[in-house]
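Good morning, and thank you for coming.

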Amino acid sequence: MAIETFQNEIFPDSAISVALFESVANCNDLKKLAMTGELDATLLNPSMIVDTFQILVACNKALHLDRCKKRVTRTLHSEVIYNLSPSKNISDAFRKFGMGDKDTSVLLVQIHSLRKGTLSEVAEHVQGEMVDLSRLQEVSDVNKIKKIYKVQEAELRVSTLLDAIVSRMTSKEFVSF
Amino acid sequence: MVIAIGFEGSANKLGIGIIKDGVVLSNPRRTYITPPGQGFLPRDTAKHHQDCVLEVLKEALDTAKIDTNDIDIVCYTKGPGMGAPLVSVAVVARTVAQLWKKPLLGVNHCIAHIEMGRLITGAQNPTVLYVSGGNTQVISYSQRRYRIFGETIDIAVGNCLDRFARVLKLSNNPSPGYNIEQMAKRGKKFLELPYVVKGMDVSFSGLLSFIEERANQVLESGEFTPEDLCFSLQETIFAMLIEITERAMAHCGSQEVLIVGGVGCNKRLQEMMGIMADERGAKLFATDERFCIDNGAMIAQAGSEMFRSGQTMAWEDTFCTQRYRTDEVEVTWRD
Amino acid sequence: MAAEGAAERDQMVLLKQGAEAKIYSGTFMGRPAIIKERFSKAYRHPDLDKSLTVQRTKAEVRSIMRCRMIGICTPAVYFVDMERHRIYMEHVAASITVREYIADLERSCSANHVSALRPLAEKIGATVGLMHSHNVIHGDLTTSNMLLSRLPKDGPDAGGDTLDGYRLVLIDFGLGYKEGLAEDKGVDLYVLERAFLSTHPNTEALFSVILEHYKLGYGKGAADVINKLEEIRMRGRKRTMVG
């Protein structure tokens, strides 16, 4: 039940911290805080996440675009949400992958410098129970995920769902789904 | 010691050359040049060859200072090439072979280019880019055959250049390709053209159609000059050729590249190939216009190699053929 | 040199340098990854060079996606860096190229190797047929651009579409594109045929097996492509010089 931190070989001066919360009572407030920019984190809907790697792929792309000044959305946080989506429609991405104000669970993600992450401070705003990231396997809605990412049986015969998802996230600029 | 005489006339060049043990004793040539905007047709080309062949033959013999008795083998271009011109020259070769009572050998035009290139440059076992008005092939020797690794799937690169020269109405003297090369040197602006590489092969017909369709429009608008178009065409088609050559070299693990054929005279092509070769630590070999362009000595050289390795040709087989693949010939003189 | 320093900093190990790309082995977020980096070719005009590099990187990613969606095994794509023209993709586990596989088999059982290769040829044919039936053109079909990957015994990859415990994986789609015309599919097959026969001499019988199963994998419309292939084969022999 701790915040997990992951390193990025491509940006060795940075790291990504992730924490999963259930039984959250104040998603509504969290949403408002996120909108005003007071929360230094991305708030995600955990049911759309099949594995932590999916988050890492989105974060890496966000950081890359941020560093070469080619971000599509306004902030690094919103960029992470956008990158999870297989579509180029920004508001659709927020709707599907961002935490909803009526939700009861949330995934907190923060891209930070290697030396110092402040996700624990952000976590203090969450009125809920921090659980193990392994709970993701249980809370992800596989059928909904397959539908949104448009993954069909033909592909699953030659690939894992996770690989199908991240490939779409990575290539959406070049192909439509 | 072998003295060979070679007769070449598969396209618009008529050449007769004499080689003695790898030394070129004479190599005169005449080119049939048509007015700007026109290509050369088989019948007129054959007539050109007929009209000058005896004069060129005399020049070859006189310059070489040899007696026809000393000749060991008479060689001629069996193919590939244009029918009427090929035959007009073959007839002369057959006649002199009978007159002088010497054996006759029909030579593959592409292989002649390769063998001449190897002789002149000393390249041991290069990947060969053979580029001319009628041929575009990447060739590598393996197990007694010159194998074709990559080629054009439609028109030859020289043909593409020649036809573009017609659109611009450039002079055909000394050759359309040469004039495009000179214009290209003054070109500065790059027009993006269709670049088509498929595996180890290239395709030029799409590029040619594209530039034929747009040339007048683009020139009239003032956006590009004819020099710019020549420049853009060369940069694109040569890059395509270098790419497939490099792929073949990577595939074969080759450290040598040899350019042969008329388009091989182009200094820009040589320059670009040299850059590619340098980057790979490979060596570039190229010849000058005496040997790049179709000539008689190359026929003599290839024929000489065939003869020395024991090849003979029955009279019935000394015909001409428009289509003659490089890999059809058994290369008996290499192991 | 700067490029080597960059690779070392990124903890990548150069595996292979092709004509237009360097292949590195490394990790991406802890997962084993292959990094394909296209580099500039000094002989090309800079505009052409930039255009080709970008085009081919995009074409590769697009084609990988299109193949996966129709059930053809390709590496997963983790990250595309358009600034450095790099594709970070799945390192396909325990794999060898079909080229190496054929060569190994030839060495170990020279008499019978053609019949031993039949199942592989069938698989190649069926896979290319399936790909073409969806109008996906590979552009550079060679036995070096096909991998055989040993499947894990369990997990989501087990079973499924296999060939004796191996899965056929297509790679190297830089020249790929989408096209419905029989001509383009015919050329794709022609490139494979030439590459196959020049790399593995005396395997004409195997290539016939590939074509047989190509028809099965493709379904209706395959005949047009095979006819085109025949036409393309003749072109080399029919080429006449035009003045």
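Where in chain B is the place of Asn266(B)? Asn266(B) sits in the loop between β12 (256-260) and α8 (267-280) of chain B, with helices (H or I, at least four residues) and strands (E, at least two) taken as DSSP runs numbered from the N terminus.

This is a predicted model, in which local features need pLDDT of at least 70, side-chain atom pairs count only at pLDDT 80 or more, and totals for chains, interfaces and linings use all residues. Residues are numbered from 1 along each chain as its sequence is written, chains are lettered from A and ligands numbered from 1 in the order written, and side-chain values use heavy atoms, without hydrogens and water.

An unreviewed UniProt entry places a "binding site" at positions including Asp162(B), Glu181(B) and Asn266(B); such annotations may be inferred rather than shown by experiment. Asn266(B) counts as buried because its relative accessibility is 5%, buried being under 20% relative accessible area with a 1.4 Å probe, protein chains only. Glu181(B), in helix α5 (residues 176-185) of chain B, is buried too, at 7%. Beyond four places in sequence, Asn266(B) is in contact (heavy atoms within 4.5 Å) with Glu181(B), Gln234(B) and Phe238(B).

Now to the second largest cavity. Its lining includes Phe149(B) and His251(B), together with Val191(C) and Arg194(C); lining residues have an atom within 4 Å of a point on a 1 Å grid where a 1.4 Å probe fits but cannot get out. Helix α6 (residues 182-199) of chain C gives the largest share of that lining, four residues.

Technical notes. Buried means under 20% relative accessible area, exposed over 50%, partly exposed in between (1.4 Å probe, protein chains only). On a 1 Å grid over the protein atoms alone, a cavity is a set of points where a 1.4 Å probe fits but cannot get out, and a pocket is an open set with protein on both sides within 12 Å along at least five of seven lines; lining residues have an atom within 4 Å of a point.
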